[in-house]
Amino acid sequence: MTACIVGWAHTPFGKQDAETVEGLITRVANAALEDAGIGPDDVDEIVLGHFNAGFSPQDFTAALVLQADPQLRFKPATRVENACATGSAAVHQGVRAIASGAARIVLVVGVEQMTRTPGPEIGRNLLRASYLPEDGDTIGGFAGIFGKIAQAYFQKYGDASDALAMIAAKNHKNGVANPYAQMRKDFGYDFCRSESERNPFVAGPLKRTDCSLVSDGAAALVLMDDDTARSARKAISIIGTGHAQDFLPMSRRNILEFEGCTVAWQRALSKAGVALSDLSFVETHDCFTIAELIEYEAMGLTLKGQGARAIKEGWTQKDGRLPINPSGGLKAKGHPIGATGVSMHVMSAMQLAGEAPDGMQIRAARLAGIFNMGGTAVANYVSILEPVR
């Protein structure tokens, strides 16, 4: 049985001091139900993606979704977490509930509020998604970890600074057309490529423009089984999923290959019965530009060590052979951990429904691929989406 996305909602990402985790959750939950044309009493199950890890004093947040409407009381509700892939973990949990026959309609919400946390604590919280015995003292937190990955990549394959700047420039340019994006500014290649007071080095060869943003925000979607979705106003089918969990310590794997990413892509494409070349676009996890570059190789777009070719030859631009991150990606849209994976599914569903904002819409989009990653390619989730109508 296939699950279909039949409604969605998305807050702007960014600094939202006036909001709370509870407020963000209830706002998108109600909006997604309204967009799907159903009431809270129709929901069979609720899944909340919320990483937290110290960002919010309120833990045990699954039941906060019930605050959206009294009719959600006594519905099964579960919070899931898998580092930066938490949102996709929530979506896949909802898909499994429908596939098992346990539910016909599932409400999935992803949320995070990070900006109220002081900078040093943000770094410590994010490092909890790494293997602390090896990485717990890394200077610069996760930026430091990916800075080391970038250095290792450069040492093996040559300096890819030009390609990283092109990826950053592409995603910032794409983000201009996304009204939900945290940073809607086209910085251009020259700014992203050059060190400056406004764009200093952060860790290793990574500059500020190579790093995703600290964000608040939420997204939600409604899943239905195939039969129920026939009566829905719109339906985007999740025709393939793949989840591959890798070792947590980087010392146990080749960190330049993102092997779990490769396995997750292979599984999802196989289930969907399509090839990478069939996709109209991909939303991928660009927590750092080096991650997007390696993901080009891991998904099979290029050979190992040749990811720069995809960006330098324009393949991944909005009008290229496989547009990557037409939403602006984490780089421009923002990265509120628990909301990110749900957001990627919402952005992709909007594209396939022809409801993406002006300037962001991919022409004749018919198949979407989504890759969401937790940690350093530890939790790897892929979804393949296709419009039913």
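Which residues in α2 meet which residues in α13? Hi everyone, let's start there. T86, G87, S88 and V91 in α2 meet I337, G338, G341, V342 and H345 in α13, where contact means heavy atoms within 4.5 Å. By class, the residues of this contact are three nonpolar, six polar and no charged. Nonpolar here covers Ala, Val, Leu, Ile, Met, Phe, Trp, Tyr, Cys and Pro; Asp, Glu, Lys and Arg count as charged, and the others, Gly among them, as polar.

A quick word on the model. It is a predicted one, where local features need pLDDT of at least 70 and side-chain atom pairs count only at pLDDT 80 or more, while totals for chains, interfaces and linings use all residues. Residues are numbered from 1 along each chain as its sequence is written, and side-chain values use heavy atoms, with hydrogens and water left out.

Back to our pair. Helix α2 spans residues 86-99 and helix α13 residues 337-352; they pack at an angle of about 55°, with their axes 5 Å apart. The elements are DSSP runs numbered from the N terminus: helices are H or I with at least four residues, strands are E with at least two. Axes are lines fitted to C-alpha atoms, for helices over the stretch in contact, and angles run from 0 to 180 degrees between N-to-C directions. The two helices are therefore oblique to each other; under 35 degrees counts as roughly parallel, over 145 as roughly antiparallel, 65 to 115 as roughly perpendicular, and the rest as oblique.

Now a second pair. The axes of α6 (residues 161-175) and α10 (residues 289-298) come within 9 Å and cross at roughly 100°, so these helices are roughly perpendicular to each other. A163, L164, I167, A168, K170 and N171 in α6 meet T289, I290, E292, L293 and Y296 in α10. That contact has seven nonpolar, two polar and two charged residues.

Next, α5, residues 141-157. Its 17 residues reach 25 Å from first C-alpha to last, close to the 24 Å expected at 1.5 Å a residue, the expected span being 1.5 Å times one less than the number of residues. Buried residues in α5 include F142, I145, F146 and Y153; buried means under 20% relative accessible area, exposed over 50%, and partly exposed in between, with a 1.4 Å probe and protein chains only. After α5 comes G158, with a positive phi near 100°. In α3 (residues 119-127), I122, N125, L126 and L127 are buried, and the buried residues of α3 pack against α4 (132-135), α5 and α13.

Finally, the sheet. Nine strands form an open sheet in the order β3-β2-β4-β7-β1-β8-β11-β10-β9, with mixed pairing; two strands pair if DSSP finds at least two bridges between them. β3 (77-80) and β9 (281-283) stand at the edges with a single partner strand each, so one side of each is left without a neighbour in the sheet.

What about β8, residues 236-245? Seven of its 10 residues are buried, so β8 is largely enclosed by the rest of the structure. β8 pairs with β1 (residues 3-10) in the antiparallel sense over three bridges, while nine bridges join β8 to the antiparallel β11 (residues 379-387). H243 stands opposite Y381 in β11.
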